[in-house]
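Here is a short report for someone meeting this structure for the first time. Look at the sequence and the fold, then read on.

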Amino acid sequence: MSNSADSPGTGASPARGRRFRAVRVLTAGVFALAGLLFFTSFNTAKGTNIRTDTSLLKLSDLIHERSRKNGELDESNGALRDDIESLAERDDGSTKAEDDKLAALERNAGTQKLRGEAVTVTLNDAPPDATAKLPGYPEPQPDYLVIHQQDLQAVVNALWQGGAKGIKVMDQRLISTSAVRCVGNTLILQGRVYSPPYKITAVGDPEKLKKALAASPAIQNYMVYVNVYGLGWKVEDDGTVTLPGYSGTVDLHYAQPVE
């Protein structure tokens with residue numbers, strides 16, 4: 001019932017022989033699996049050239065595709081919210097005072113459309129071949145010629161300080177949890193990606209808004225680069241416009257309301 005590896009003449013016990021056979025089987029299995037993986041990897045590499053395969057999307061293409069889908073989801077979310085609100089208004093048992101309070105909260109939260117006189121600020125990169133226009137200034141570094149996050153934030157902050165009732169950056173309404181962020185020379189706002197020129201529209205008193213822009217130290221610093229290196233800057237009266245309501249989620253994922 002035992003082979004030579006199990007016989008007493010070899011000096012090996014039956015238990016030891018069984019372990020030896022198990023190790024041999026396991027080793028053979030590992031080598032077989034390694035060979036299969038090598039063969040599969042070779043065929044995959046032979047059939048796919050990463051540098052030339054046009055089926056592989058560039059990272060920028062993936063980002064813009066995700067940005068487009070996020071925009072569609074925002075629109076769908078806004079439409080569903082409108083449907084829910086219309087159903088809730090049919091017979092929710094609330095008083096007029098409660099309805100008025102809710103409407104005021106929605107306006108302050110930025111989830112409702114806002115109509116009024118507006119000012120639009122447009123920021124743009126300088127030409128890539130720009131040179132210093134005024135004496136005494138160094139020739140520009142690449143960093144000097146593009147819009148930065150701090151520039152966009154300076155405009156948004158100045159408009160709030162000027163009494164803006166609502167602000168739209170590109171085609172999106174800002175709310176209290178909105179973060180204006182830049183990655184490279186692109187703006188990422190609420191899951192969507194934008195390239196310059198950047199447009200910021202604020203509803204409020206146009207004169208107060210423009211006065212606040214002119215008084216901002218951060219914008220005064222930006223204007224040096226406008227005058228020396230040609231960064232884009234335009235402030236326009238828009239007349240009466242309607243800002244869209246914020247259509248994204250309003251749930252707080254990283255904060256909790258204070259009791």
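Which residues have the most contacts inside the largest nonpolar core? They are L152, V155, L159, I167, V169, L187 and I200, and the core has 34 residues. A nonpolar core here is a set of buried Ala, Val, Leu, Ile, Met, Phe, Trp, Tyr and Cys residues joined through side-chain atoms within 4.5 Å. Buried means under 20% relative accessible area, exposed means over 50%, and partly exposed is in between (1.4 Å probe, protein chains only).

This is a predicted model: local features need pLDDT of at least 70, side-chain atom pairs count only at pLDDT 80 or more, and totals for chains, interfaces and linings use all residues. Residues are numbered from 1 along each chain as its sequence is written, and side-chain values use heavy atoms, with hydrogens and water left out.

At least two residues each come from β1, α4, β2 (166-169), β5 (186-189), β7 (198-203), α5 (206-215) and α6. Helix α4 gives the largest share, 6 residues. Helices (H or I, at least four residues) and strands (E, at least two) are DSSP runs, numbered from the N terminus. In soluble globular proteins, nonpolar side chains tend to be buried together.

L187 shows what the packing looks like. Beyond its neighbours within four places in sequence, L187 is in contact with L152, V169, M170, V180, R181, C182, R192, V193, Y194 and Y198. Contact means heavy atoms within 4.5 Å.

## A buried charge

D151 sits in helix α4. It is buried yet has no salt bridge. Where is the nearest side chain of opposite charge? That is K133, 16 Å away. For this count, Lys and Arg are positive and Asp and Glu negative, while His and the chain ends are not counted. Leaving out residues up to four places away in sequence, D151 touches L123, V146 and Y222.

## The sheet

Five strands make an open sheet: there are 5 strands in the order β3-β2-β7-β1-β8, with antiparallel pairing. Its edge strands are β3 (172-173) and β8 (232-243), each pairing on one side only. Two strands pair if DSSP finds at least two bridges between them. β2 and β3 are joined by 2 bridges in the antiparallel sense. V169 has Q172, in β3, as its bridge partner. Strands of a sheet pair through backbone hydrogen bonds, either parallel or antiparallel.

## Salt bridges

How many salt bridges does the structure hold? There are 3. A salt bridge is a side-chain nitrogen of Lys or Arg within 4 Å of a carboxyl oxygen of Asp or Glu.

| Salt bridge | N to O distance |
|---|---|
| R192 and D171 | 2.9 Å |
| E207 and K210 | 3.5 Å |
| K210 and D237 | 3.1 Å |

R192 lies in strand β6 (residues 192-194) and D171 in the loop between β2 and β3, 21 residues apart. R192 is buried at 16% relative accessibility. D171 is partly exposed at 41%.

E207, K210 and D237 are linked in a network of salt bridges. E207 and K210 both lie in helix α5, 3 residues apart, about one turn of the helix. D237 is in strand β8, so its pair with K210 ties together parts that are 27 residues apart in sequence. E207 is exposed at 54% relative accessibility, K210 is partly exposed at 26%, and D237 is partly exposed at 49%.

## Aromatic pairs

The model has 4 aromatic pairs. Rings of Phe, Tyr and Trp (its six-membered ring) pair if their centres lie within 6.5 Å; planes under 30 degrees apart count as stacked, over 60 as edge-to-face and the rest as tilted. The rings of Y144 and Y225 have centres 5.8 Å apart and planes at 75°, so they are edge-to-face. Y144 is in the loop between β1 (114-124) and α4 (149-161), while Y225 is in helix α6 (residues 217-229), 81 residues apart.

Y144 also pairs with Y229, and that pair is tilted: 5.4 Å centre to centre, 40° between the planes. Y229 lies in helix α6 too, so this pair ties together parts that are 85 residues apart in sequence. Ring pairs link Y144, Y225 and Y229 into a cluster. Buried or exposed: how does Y229 count? Y229 is buried, with a relative accessible area of 4%. Y144 is partly exposed at 26%, and Y225 is partly exposed at 28%.
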